[in-house]
Amino acid sequence: MTDETSTTAVKKLFIKTYGCQMNVYDSQRMAEAMGAEGYVLTEDQAQADMVLLNTCHIREKAAEKLYSDLGRLKTLKADRPDMKIGVAGCVAQAEGEEIIRRMPLVDLVVGPQTYHRLPAMVRGEAPRIVTDFPEEDKFDHLPAPRATRRAPAAFLTVQEGCDKFCAFCVVPYTRGAEVSRPVERILREARDLVSRGVREITLLGQNVNGWHGAGEDGREWGFGRLIRALGDIDGLDRIRYTTSHPNDMADDLIEAHRDVPQLMPYLHLPVQSGSDRILKAMNRKHTSDQYLRLIDRIRAARPDIMLTSDFIVGFPGETDQDHADTLRLIEQVGFGSAFSFKYSPRPGTPAYERPEIDAAIADARLQELQALLTRQQKDAQAAMVGRTLGVLFEKTGRIAGQMVGKSDYLHSVFVEAPDARIGDLAQVRIVESAPNSLRGALVA
Ligand code: SAH
Ligand code: SF4
Ligand code: F3S
């Protein structure tokens, strides 16, 4: 068989996803929208009739990945001129037609708020570049989400965009203003996922705990109330959410951590820096002390909660003292894990024009901070040994009879469980901590 497209109506779509979980969710939605057009997903880029790159603009390196990948696609497209290449996501939003100017092999560019128009664009019934922020809700125009490949854990976007305008961040520009999806849609999508075998849902939003909406009881609901409503869904065993802003940790959300057993004892609450000067320059709108007091309140509500964070090292103006303040905050909180990044100046953001600090100093600080965080991660994992935790099996391991799943704390756990199936939620006693995973034994 030489040309598959000429023998069958089925077309193949290859999607590469960069960046955050929101992009993972969006890629699934785009796959479904294209499915309705007769496209099926392929893992093999060389076989694809269409290659879609769902991009991230958060740091310079992330954005540059797109261009190196496009460079590599040139030969493939030269061999197969019919192949369509689409760029979606946050680079598409930020750079628009510049992408086609730089890389003429790109056929279409679609922003994160307009990807419901992708099928029309592919049919040639819409412009090649669609990056506006439409009034209409893209979710209204997409086919109902499906739990793909029997995965027991799924993402559900409840909120998009960001109004916080941290001085370093592109998200308010690439994703637009904060929008909350309506309660009834979220609950319907959650029930639908559960009816298809999903047992764990991670609620997504760039600023997810800022979610609010008119509730089923006619009152204004906050995010904590939404979580309580999700907790009433039979068969939904685990609820998570990401990413949160400290200033939106309302009382009702903290109380949900105390009251809703399905809400996992895990919270990603980025602080970025422990220096009040730098927090102010970043426009984070809270101090390190306010963050620490917030952590105290969260831990009072849910003593066994594990906290994780993001850090930016080498923000413009950061001194040794600022860096020391960040290390102290990390010591004080004790994080289960964290992401840390060297500051990357992003065009269009307020911090872009500010003088950068010495790169070697920033590198050294990043290493020091990561060493501390790695130590804390190891300690947090070691503290799991001897505990009995829920583990949701997501796949089989490499060894026969082995299952791999996620603990309540999102650690990967390897368990010998020959009779178990994917989607089982087992009680597991943790027996060993490895560098990036745990080993456990089934509890009878
Ligand atoms: N909405 C989330 C995070 C979104 S971006 C929040 O407010 O925490 C994910 C992480 O990327 C951020 O937490 C930050 O640590 C990092 N980041 C964002 N912009 C960056 C930049 N210009 N340089 C380096 N890291 C950055
Ligand atoms: Fe970016 Fe700040 Fe918004 Fe997070 S809260 S998405 S870091 S602007
Ligand atoms: Fe990247 Fe856009 Fe997510 S910039 S981190 S893909 S919101």
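How far does a polar side-chain atom of Asp 310 lie from an oxygen atom of ligand 1? In this predicted model, the separation comes out at 2.6 Å. The side chain of Gln 272 puts an N or O atom 2.7 Å from an oxygen atom of ligand 1. Gln 206, for its part, uses its backbone, with an N or O atom 2.7 Å from a nitrogen atom of ligand 1.

Gln 206 turns up again at ligand 3. The shell around ligand 3 is made up of Cys 20, Asn 23, Thr 55, Cys 56, His 57, Ile 58, Cys 90, Arg 175 and Gln 206. Sorted by class, that shell holds 4 nonpolar residues, 4 polar ones and 1 charged one.

Now for the domains. The chain is assigned four stretches: domain 1 covers 11-134, domain 2 covers 147-263, domain 3 covers 265-383 and domain 4 covers 388-442. Between domain 1 and domain 2, the C-alpha centres are 27 Å apart. Domain 1 brings 14 residues to the contact, and domain 2 brings 18. Together the two domains bury about 1,400 Å², with 58% of that area on carbon and sulfur atoms.

Asp 26 pairs with Arg 175 in a salt bridge, and their closest N and O atoms are 2.9 Å apart. Arg 175 is also one of the residues surrounding ligand 3. Counting residue pairs in polar contact, with both partners at pLDDT 80 or more, gives 6 between domain 1 and domain 2.

As for where the domain 1 side comes from, α2 (21-35) and α4 (89-95) each contribute at least two of the residues that touch domain 2. The largest share belongs to α2, with 6 residues. By class, this side of domain 1 consists of 8 nonpolar, 5 polar and 1 charged residues.

Note on methods. Residues numbered from 1 in each chain as written. Chains lettered and ligands numbered in written order. Predicted model: local features only at pLDDT ≥ 70, side-chain atom pairs only at ≥ 80, totals over all residues. Heavy atoms only, no water. Domains from an automatic or database assignment. Contact = heavy atoms within 4.5 Å. Buried area = accessible area lost by both parts, 1.4 Å probe. Salt bridge = Lys/Arg side-chain N within 4 Å of Asp/Glu carboxyl O. Polar contact = N/O pair within 3.5 Å; in protein donor to acceptor, adjacent residues only side chain to side chain. Helix = DSSP H or I, 4+ residues; strand = E, 2+ residues; numbered from the N terminus. Nonpolar A, V, L, I, M, F, W, Y, C, P; charged D, E, K, R; others polar. Near = heavy atom within 4 Å.
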